[in-house]
Amino acid sequence: IAVVGTLMAEEDYGFLETEDGREVYFHRNSVANHGFDKLQVGARVTFSEASGDKGPQATYVNPL
């Protein structure tokens, strides 16, 4: 479980803040059910993580 910490809606990405204090990048395409436009900073989500070119990234984000 994480929360949306940063949301760059006009650029189609954001960062999640995990419970252990890490930041995880996510892109619009990784949000379940085309839900990117409904996300807000502070929203709780579950996510799947993988290593990306620039560090950890969420491959699947599911708003709670």
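**Salt bridges and ring pairs in a predicted model**

The side chains of Asp-37 and Arg-28 meet in a salt bridge, with N and O 2.9 Å apart. A salt bridge here is a side-chain nitrogen of Lys or Arg within 4 Å of a carboxyl oxygen of Asp or Glu. This is a predicted model, where local features need pLDDT of at least 70, side-chain atom pairs count only at pLDDT 80 or more, and totals for chains, interfaces and linings use all residues. Residues are numbered from 1 along each chain as its sequence is written, and side-chain values use heavy atoms, leaving out hydrogens and water.

- Side chains of opposite charge can pair when their charged atoms come close.
- A search of the whole structure finds four salt bridges.
- Arg-28 also forms a salt bridge with Asp-12, and the closest N and O atoms are 2.9 Å apart.
- Arg-28 sits in the loop between β3 (23-27) and β4 (44-52), and Asp-12 in the loop between β1 (2-8) and β2 (13-18), so this pair ties together parts 16 residues apart in sequence.
- Strands are DSSP runs (E, at least two residues), numbered from the N terminus.
- Asp-37 is exposed, with a relative accessible area of 58%.
- Through shared partners, salt bridges join Asp-12, Arg-28 and Asp-37 into one network.
- Exposed means over 50% relative accessible area, buried means under 20%, and partly exposed lies in between (1.4 Å probe, protein chains only).
- Arg-28 counts as partly exposed, at 25% relative accessibility.
- Asp-12 is partly exposed too, with a relative accessible area of 26%.

**The bridge from Arg-22 to Glu-49**

- Arg-22 forms a salt bridge with Glu-49, where the closest N and O atoms are 3.0 Å apart.
- Arg-22 lies in the loop between β2 and β3 and Glu-49 in strand β4, so the pair ties together parts 27 residues apart in sequence.
- Arg-22 is partly exposed, with a relative accessible area of 34%.
- Glu-49 is partly exposed, with a value of 38%.

**Aromatic rings**

- A search of the whole structure finds four aromatic pairs.
- One of them is Tyr-13 with Phe-15, an edge-to-face pair at 6.0 Å centre to centre, with 90° between the planes.
- Rings of Phe, Tyr and Trp (its six-membered ring) pair if their centres lie within 6.5 Å; planes under 30 degrees apart count as stacked, over 60 as edge-to-face and the rest as tilted.
- Ring pairs link Tyr-13, Phe-15 and Tyr-25 into a cluster.
- Phe-15 counts as partly exposed, at 25% relative accessibility.

How values were computed. Helix = DSSP H or I, 4+ residues; strand = E, 2+ residues; numbered from the N terminus.
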